[in-house]
Amino acid sequence: MAQFKQWALEYVLADDEPVQLQLTKKAAKEIEDSRASSTVVGNWAASVHQWMTLTHSNDDDQMEDEDERVNGDIVSRAKALGFLAGTLEALDKTILRPDQVQRLIGFFGAMFSYDHKAGITASAKALRQLYSMKNFKPEMGIKVLEDVSKLKEDFRLQTAVTRLELYELFLSLVEDPAVSSELQHKYGSSCGFALDLLQLCSSERDPRNLMIWFKIIRRLLTEFSPSPEVTEEIFKAFSAYFPISLRSSATPIGITAEDLKEAVRNCFSSHQRVAPFAFPFLMQKLDQGDAVTVAVKVDILRTIKACIEEYENPQASVVPYIKKIWGSLKYEVRNGEVKESIDATIEVLRAIARKLDGSKTHKHEVTLLKNYIDLVFGDCKDDLSNPTYTKQAGLLLLTVVTASIKAYVFYNASFIDIIRQNLRQPKSPTHTRDLLLLVNSILKTRIELFKNRKVGHPDDEEQLRSEPRTHLVSLFHDVYLPIWTGKASESDSKESDVLKQVALGLGLLVSQQALDTKGEVSLLCSGAICFEICNLLTVTLVKPLTLSSNDNQSQDATLEDDVVLALRTIVMSYTDGYGHILKPARKEIQKRDWTGPSEYSLEALKILLSRLAFIGCSEIPTQVKSDTEPEHPYSPLRHYDAWLRTLVYLFPLSAQSLTANSYIISSLHASVIWFRDACEARYGTGALAQYSNSDKNWLAEFEQLPGTFFSQAEGQSILPDEVASSFGEDDPETYLQFLRLSLFIVRGFYKGANSEAPWSEQTLVQLAQTAALVVRSLDEKLQVSCNLAREAFSLFKTSEDKPCASPLSGLLTVGILQGLHPGAMTELYQPGGVAEKFICDTSDLGSSPRASDIKAAVGAIYSNKYPAGPAASEEYQTLKRGLEFWTNYIKNAVRSSDIDSGSFHSFTNVAMHTVAGAVARQEKFVLDLIPILHEAAASPSPKGEIVARSMGILVQPNSEVLNKESHANIKRFYKQWAYNFLVRPLYDLARPGSDKDPKATARYSIMILSVVKNCPFTVYQDDLESLLRLLVTALSNKNDDSVLSEEAAQAQVIAALEILVDILANEPSALKGFLKEIISGTTKVYQESTTSNKTLHKTLTTCRKLSLQVLGALPKTFEERYLLSFSRPTQRMLASACGDPVRKVREAARSARANWAKVV
């Protein structure tokens, strides 16, 4: 006894929770060690007796301290009860006997009768622990509820935390099946305990507590059987909160207004017994007119929808209120203007139809659904003839008719018949458009219903097998064709809107599928109708190509876009349709003379080819039966195959029109992208992994084909029918065969490519990009088995093919190389091989402006994709020789007078990109080359400037050829690595001094700035102080011709300004000590860049814009006191800059002026 009293006293006196926890654990262990003997448990409970009775003093000297003593006793008593509650929490839940649990419940329950100030929180916690005891009996739950209910009005006076303890206790009890059964047995339908709870909790306002209270209410309605009178009282309790909101609070509570709304909504929808109170209440709220805000109206509608969906026995719970609901809701759509409330209303009306139809397992009597739809039809069908209400009435009818398969089968024919009647005598083009939109919506929804026919009840599929279809098939000749024929020649925008709906409707009509009596799926329309629709829309597709630029001005381009979408929809189901589109399009293209086409003709050709590629290649077609025999067996690649054959057939259009020819190859590139994306969408990005071990040599298979196979007769498939039909639309092999087919086409065009017409540079670029796209999609083993590394230089040509001798052939080489995995390039590093010879050959660099760019790209790939291996290997030594060749070449060429600056630019471009590829992979050997590059850049020769300005390439390689998608080896921190060795040692050398060569320091500065501008801020932030000195110097010495050429000076200034912009965005405080120099420097840059110089016009414009951006950012970054002394002269300069001849510079000047105007 004394031990428990001591622990209780220490607990009361302690304020540290860990100490209190240890004390309760000691007490719990003592009880457990005694096996919960009555004596020990009694002593433990009696240990807090001294705090249970208030002691009043009769000493007159102490009367004035009475209130303080009483308050102190309250706190101590609360702590003492907390000691008991904490002990119960730590106690083994199996140790107490039922009689002990009963007595403890009586003890703590008594606290709710006379101790409303001190013991409630601890007593509530203790009761929750006692409920979790193994020997807690269901009848004890009744005792707990009865005791707690004695709080009555004092419940609301408790703190929110205390009430939360009690709410969680209530919820635990009503969720316990045994306690619930005992409560139901004792109270029956009168639910006296529920009425006590309602009286207790009716004034709750705390969000956390409300969330639990609403759960309790829902439980009372669903798990008990209250009488209608009690149900009404419960309904009043939660409906009083509707609509509920949440005041904003500075302290996050983790509960949102939506959480509270959902909790109240769950009470409304908890049980069908609430229906007689819920629907009248909600409808009365809804019918308050303008007094209801949009948010509240949406809340009401969502609550009605929840009730409809959750209530069982709709004949009793929903049907009696349908007329009232419909009578109010129809005006929300008919006269409504707010989209949110209209959408919520539509959801309610759809929910009624689906509820009356039934569920996946049970269908209701069909008259329930029919009576509801007849009600809607009766009020809406006449409105379809009124253009003002056509959309609204159609939306209401569409909602209920398409809510379920049963509703659709029963009513779609009559709905379409009403629309058809109104289309015979439309009031206006807009009326026609709205009616067609309804027809299209019916067709679109039918597709969704058909697709999901197996998800619902088995009767749904049976309904579709027997549905009437004649009225759907006749839509083409009775509705769409007459309207199209009558309005196709009209150019009015309203008529064009009608035609758009016709086009989209035709696409949806052809896509309709039907079930026969055996359950097999086929197209709804006959092959003849599908063929006619394709021809009708194809005329519009190719029409721009048949017109002159003047004739086509009246055509609506958006109509053509809708026709394209319709045709794409058609050919996905009607697979013969793509051939019917390609044939007239191909003939129309070939009819024209492409020897000297106009700009309009070229643009029309480009658009037509891109649209044809999109129609056939942006999705994988579906296999659906038709009533006509298909021209070829179904294949997922059928459209793609036909399109490739068309491109081969069309190329070249003319030896003179190189642009037209480039559009052919451009559309090939687009089609590969479209179909690749379609494959990834259907099969996933990892679909090719299962074929990753394939060692087939596709190129060897291609070589077995006849030499004329690539240019074979029109209409023949590239893939044999037996191969094309061996895999289905859901088979990932489609992706693999797509790549195989694409590689075959790329190979064919490569073999035919040469340096003469019809091959232009643009055409070769497009072909190379296509090759890169195909090659990079192949896995490494397949690239090796096809020996693509070798083919990158042979271009798939044999001795019988005409060679492509132009330096531009390197574009094709780049196309293959950039897509290769490093492991597939091993062969290229053989000593003296074709790759080494190509890299180290300088003879052709001056023959074409693009020659150096091509060789630079090849060099970057070559040095980056070296497969890791021992440093002593021949392959690694070959790589080293290539890098050493170019660095030494630059070192020697800097001093040579035999090489002009233009050629030297080309050499430097190649050298830097070649080294950059190795830098990106952090090749350690590069560290040996850096001193050579530093020496070349510091050379007093003018060529040293070129090297210095080009150093930035080392940390900014060509991202088009070196990127992760193309399997390049790019280390995450390679720029940091390069900066440490390439730039950091140069800061001291770049600092001006009397004992230093000004040209050398200037070039070191150029090197630093050219690299830094291509690095993220985090790379150079540790060297900001040294860097800022260089930036200020670069801005102030812009026109020092004795040190730098004008071109180099301008490049240095641009780099300095770009770096300043980056610093301002990341760590502007570093500029505080340099504000005077930066403001004067940028002002000077702007003023000196206003001179007219046609050669440097673009560079000077960039200087002016960047200088104004830096100036404009300063007032937004620094306090006025730092800038006030510079305000007036700066504002004068900016006022002048607002008249700059270049628009983008003027915009920057106006923005900067507005910022500086605030510095006063």
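**Figure 1. Charged side chains over aromatic rings.** The charged end of R453 sits over the ring of F450, with 4.4 Å to the ring centre. A charge counts as sitting over a ring if NZ of Lys or CZ of Arg is within 6 Å of the ring centre and within 35 degrees of the ring normal. K370 has its charged end over the ring of F410, 4.6 Å from the centre of that ring. The model is predicted, so local features need pLDDT of at least 70 and side-chain atom pairs count only at pLDDT 80 or more, while totals for chains, interfaces and linings use all residues. Residues are numbered from 1 along each chain as its sequence is written, and side-chain values use heavy atoms, with hydrogens and water left out.

Figure 2. A pair of aromatic rings is described by the distance of the centres and the angle of the planes. Rings of Phe, Tyr and Trp (its six-membered ring) pair if their centres lie within 6.5 Å; planes under 30 degrees apart count as stacked, over 60 as edge-to-face and the rest as tilted. By this rule there are 42 aromatic pairs. In the pair shown, the ring centres of F377 and Y411 are 5.5 Å apart and the planes stand at 35 degrees, so the pair is tilted. Because F377 lies in helix α19 (residues 366-380) and Y411 in helix α21 (residues 405-424), the pair ties together parts that are 34 residues apart in sequence. Helices (H or I, at least four residues) and strands (E, at least two) are DSSP runs, numbered from the N terminus. F377 and Y411 are both buried. Buried means under 20% relative accessible area, exposed over 50%, and partly exposed in between (1.4 Å probe, protein chains only).

Figure 3. F749 and W759 form an edge-to-face pair, with 6.5 Å from centre to centre and 75 degrees between the planes. F749 belongs to helix α35 (residues 733-752), whereas W759 is in the loop between α35 and α36 (761-776), ten residues apart. Both F749 and W759 are buried. Elsewhere, ring pairs join F235, F238, F242, F268, F277 and F281 into a cluster.

**Figure 4. The packing of helix α26 against helix α28.** Two packed helices are described by the angle between their axes and the distance between the axes. The axes of α26 (residues 493-510) and α28 (residues 557-573) come within 7 Å and cross at roughly 5 degrees. Axes are lines fitted to C-alpha atoms, for helices over the stretch in contact, and angles run from 0 to 180 degrees between N-to-C directions. The crossing angle makes α26 roughly parallel to α28. Angles under 35 degrees count as roughly parallel, over 145 as roughly antiparallel, 65 to 115 as roughly perpendicular and the rest as oblique. Residues of α26 in the contact (heavy atoms within 4.5 Å) include L499, A503 and L506, and those of α28 include L559, V563 and A566. The residues of this contact divide into nine nonpolar, five polar and two charged. Ala, Val, Leu, Ile, Met, Phe, Trp, Tyr, Cys and Pro count as nonpolar, Asp, Glu, Lys and Arg as charged, and the others, Gly among them, as polar.

**Figure 5. The buried residues of helix α46.** Within α46 (residues 974-982), Y974, K975, W977, A978, Y979 and L982 are buried. These buried residues pack against α43 (901-920), α44 (926-937), α47 (987-990), α48 (998-1012) and α49 (1017-1020).

**Figure 6. Backbone features in loops.** The peptide bond from F242 to P243 is cis, with omega near -5 degrees. P243 is in the loop between α12 (228-239) and α13 (257-268). F651 and P652 are also joined by a cis peptide bond, with omega about -5 degrees, and P652 lies in the loop between α31 (638-650) and α32 (658-683). K152, although not a glycine, has a positive phi of about 50 degrees. K152 counts as exposed, at 51% relative accessibility. F796 likewise has a positive phi, near 65 degrees, but F796 counts as buried, at 4% relative accessibility.

**Figure 7. The surroundings of L104.** L104 lies in helix α5 (residues 98-114) and is buried, with a relative accessible area of 7%. Residues up to four places away in sequence aside, L104 touches W44, L88, L96 and L130. L104 and L130 are 26 residues apart along the chain, and their C-alpha atoms are separated by 8.0 Å.
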